[in-house]
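Please keep the sequence and the structure in view while reading.

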Amino acid sequence: MDKKKKDRLTWVAYIAIFIMFWITGWHKPLVSLLQQGILATGLIQADIDQEYSENAVDAVLYDEEGQKVRLSDFRSEVVFLNFWATWCPPCKAEMPGIQSLYESTEIEGVNFVMLSTDRDFEDAKKYKETYNYTFPIYRLGESMSEELNSSSLPTTFVIGKQGNIEMMHKGMAQYDSDQFRSYLEELLSKN
């Protein structure tokens, strides 16, 4: 077999493998795994040095059991609010770090609100169970403060004890870091 024919067959094989991965959906876990590797380098961190308005935010949510919850129910505590979806590779990439932060956070008074934007909340519950995540997940209810609207997934907000947005990060980030834990502790110590 001549070199040109061998090169063409190699390219046809690469294209066929790519098409197979795309059609079957196997590319999504691979993209997520690649993004987890990028997060592990520590290159993408949440920007905790931003200033936000003092407006208190609120939202109506439903937990995994269908119980109605309001963000304002968590006033006097810090809220880590993450918008995510099961079909979003960057969301999936940051989940292990968020789970690790959730498990290792010995900070009393920090609530994790992992807000699924999936059309079918059952998909989010199955995803959580499949990967053994223990943080609480919620779905959006009938209302949400305008300041919490974001067209980007994932988006993470940290809401202070008074109900105001202290931090917002669009896109994936590594939250499982000493710097971020110190940031949460600092917010808890604020009046």
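Trp11, Ile15, Ile19 and Ile23 make a nonpolar surface patch of about 470 Å². Patches are made of residues with over 30% relative accessible area and no salt bridge; nonpolar side chains (Val, Leu, Ile, Met, Phe, Trp, Tyr) are joined within 5 Å, and like charges within 9 Å. Areas of this kind come from the Shrake-Rupley method with a 1.4 Å probe, and for residues only the protein chains shown count as cover.

The model is a predicted one, in which local features need pLDDT of at least 70 and side-chain atom pairs count only at pLDDT 80 or more, while totals for chains, interfaces and linings use all residues. Residues are numbered from 1 along each chain as its sequence is written, and side-chain values use heavy atoms, with hydrogens and water left out.

The protein as a whole contains 5 helices and 7 strands. Helices (H or I, at least four residues) and strands (E, at least two) are DSSP runs, numbered from the N terminus. Read from the N terminus on, the order of elements is α-α-β-β-β-α-β-α-β-β-β-α. Of its 191 residues, 43% count as buried. The protein exposes about 11,000 Å², of which carbon and sulfur atoms supply 52%. Among contacts (heavy atoms within 4.5 Å) with a separation of 6 or more, 71% are accounted for by residues 24 or more positions apart.

How many residues of strand E4 (residues 110–116) are buried? The count is 7 of the 7, so strand E4 is largely enclosed by the rest of the structure. In a regular strand the side chains alternate between the two faces of the sheet. In E4, Val110, Phe112, Met114 and Ser116 point one way, Asn111, Val113 and Leu115 point the other way, and all are buried.

Strand E4 also has partners. Two strands pair if DSSP finds at least two bridges between them. Strand E3 (residues 78–84) is joined to E4 by 7 bridges, and the two run parallel. Within this pairing, Phe80 stands opposite Phe112 in E4. Strand E5 (residues 137–144) also runs parallel to E4, joined to it by 3 bridges. Here the bridge partner of Leu115 is Tyr138 in E5.

The structure holds 1 disulfide, defined as a pair of cysteine sulfur atoms within 2.5 Å. Cys88 and Cys91 form it, with their sulfur atoms 2.4 Å apart. Both Cys88 and Cys91 are buried. The torsion about their S-S bond is about 75 degrees, so the disulfide is right-handed.

Charged side chains supply a further set of links. Side chains of opposite charge can pair when their charged atoms come close. A salt bridge is a side-chain nitrogen of Lys or Arg within 4 Å of a carboxyl oxygen of Asp or Glu, and by this rule the count comes to 7.

One of these salt bridges joins Asp58 and Arg70, with the closest N and O atoms 2.9 Å apart. This pair links distant parts of the chain, 12 residues apart: Asp58 sits in the loop between helix H2 (27–40) and strand E1 (59–63), and Arg70 in strand E2 (residues 68–70). Asp58 counts as buried because its relative accessibility is 17%, whereas Arg70, at 32%, is partly exposed.

Another salt bridge is formed by Glu166 and Lys190, whose closest N and O atoms are 3.4 Å apart. This pair likewise links distant parts of the chain, 24 residues apart, with Glu166 in strand E7 (residues 165–170) and Lys190 in the segment after helix H5 (178–189). Glu166 is buried at 15% relative accessibility, and Lys190 is partly exposed at 38%.

Within helix H5, Arg181 and Asp178 lie 3 residues apart, about one turn of the helix. Their side chains meet in a salt bridge (3.7 Å, N to O). Salt bridges that share partners join Asp176, Asp178 and Arg181 into one network.

Terms used. Buried < 20%, exposed > 50% of the residue type's maximum accessible area, 1.4 Å probe, protein only.
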